Amino acid sequence: MESTRRLAVAGATGLIGSQVVRIARAAGHEVVALSRSGGVDLTEPDSIGDRLDGVDAVIDVTRSPAMDEQEAVDFFTTVAANLGAEARAAGVARTVVLSIVGVDRSQDYGWYVATLAHERATRQHAPGARVLRATQFHEFPGQVLERSRQGDRALIMDMPTQPVASVEVARMLVELATDDGDGDVDLAGPRRESLVDLVRRLVGLRGEDVAVEAVPAAASMASGSVLPGPDAVIRGVDWDTWAREAVAPAARPRDDEER
């Protein structure tokens with residue numbers, strides 16, 4: 001494939017999408033950013049317009065604004081159908097969608113039901129579909145903490161995880177969009193962890209007074225369904241190394257004073 005590509009990024013302003021945009025541009029690729037803030041509502045097919053003209057690959061890192069299972073399923077399948085139809089009409093050759101390691105083994109958890117529906121809809125509608133399944137990001141403990149906090153308590157799912165740096169996810173998405181391969185990839189970080197322990201360490205780094213209590217996770221996740229298999233690609237630093245750089249500086253008080 002040519003070294004310079006024209007890439008459309010759906011969900012371009014989110015945690016992963018913004019890093020995809022930065023990495024792709026730094027590599028010399030042209031980026032077409034698709035986001036609500038840029039005037040594109042991917043649930044409305046007419047909103048895409050001619051933005052995919054001349055695009056070589058679409059990278060879909062969209063995220064449902066709703067956590068409810070059916071609402072998320074409806075969002076993901078609608079976006080995948082609209083993006084896929086517009087990509088085919090524009091002659092786009094490839095689509096890369098972000099998913100989660102073990103999602104097919106975790107169908108007793110609503111968000112993962114929706115994520116698998118996203119995968120399947122992308123394979124059904126999009127040209128040249130490839131799937132990147134990643135483990136939870138290093139930011140995940142913080143996201144879970146915010147969602148689960150009840151005053152000075154936080155109820156956290158008791159489950160193993162092998163988190164990966166989100167920047168490595170973004171890098172891999174760009175690679176899959178621009179290389180000569182055609183297969184799916186699983187991506188994970190280097191070290192297995194307990195989600196409850198990660199949240200406790202995060203609270204300690206932040207200096208917050210929060211009691212972190214373990215609660216049962218979905219049975220599949222508690223038994224390790226979201227851990228990577230032997231064929232997964234392992235990249236990036238472990239959570240503690242990431243946290244020392246990303247969390248500790250943010251936790252220091254400022255004069256004027258986050259899966």
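Student: Which residues are buried in α6?

Tutor: This is a predicted model, and in α6 the buried residues are Leu 195, Val 196, Leu 198, Val 199, Leu 202 and Val 203.

Student: How should I read that spacing?

Tutor: Start from the general idea: an α-helix has 3.6 residues a turn, so residues three or four places apart point the same way. Now the case here: viewed down the axis of α6, the buried residues fall within an arc of 160 degrees, so they line one face of the helix.

Student: What covers the buried residues of α6?

Tutor: The cover includes α4, β7, β8, β10 (193-194), β11 (211-216) and α8.

Student: What span should α6 have, and how far apart are its end C-alpha atoms?

Tutor: At 1.5 Å a residue, its 12 residues should span 16 Å, and the end C-alpha atoms of α6 are 17 Å apart, which agrees. After α6 comes Gly 207, with a positive phi near 70 degrees.

Student: Let's turn to α5. How many of its residues are buried?

Tutor: α5 is mostly covered, with 11 of its 13 residues buried. Among them are Ser 166, Glu 168 and Thr 178, along with Val 167, Met 172 and Leu 173. The length check works here too: 13 residues at 1.5 Å each should span 18 Å, and the end C-alpha atoms of α5 are 19 Å apart, which agrees.

Student: Which residues does Ile 156 touch?

Tutor: Leaving out residues up to four places away in sequence, Ile 156 touches, among others, Val 144, Leu 145, Leu 195, Val 196 and Val 199.

Student: One more residue: is Gln 162 buried or exposed?

Tutor: Buried means under 20% relative accessible area, so Gln 162, at 14% relative accessibility, counts as buried. Gln 162 sits in the loop between β8 (160-161) and α5 (166-178).

Student: What does its side chain reach at 2.8 Å?

Tutor: The Gln 162 side chain reaches the backbone oxygen of Gly 189. Beyond its neighbours within four places in sequence, the contacts of Gln 162 include Thr 135, Pro 190, Arg 191, Leu 227 and Ile 234.

Key. Residues numbered from 1 in each chain as written. Predicted model: local features only at pLDDT ≥ 70, side-chain atom pairs only at ≥ 80, totals over all residues. Heavy atoms only, no water. Contact = heavy atoms within 4.5 Å. Helix = DSSP H or I, 4+ residues; strand = E, 2+ residues; numbered from the N terminus. Buried < 20%, exposed > 50% of the residue type's maximum accessible area, 1.4 Å probe, protein only. Polar contact = N/O pair within 3.5 Å; in protein donor to acceptor, adjacent residues only side chain to side chain. Expected span 1.5 Å × (residues − 1). Arc of directions from axis to C-beta.
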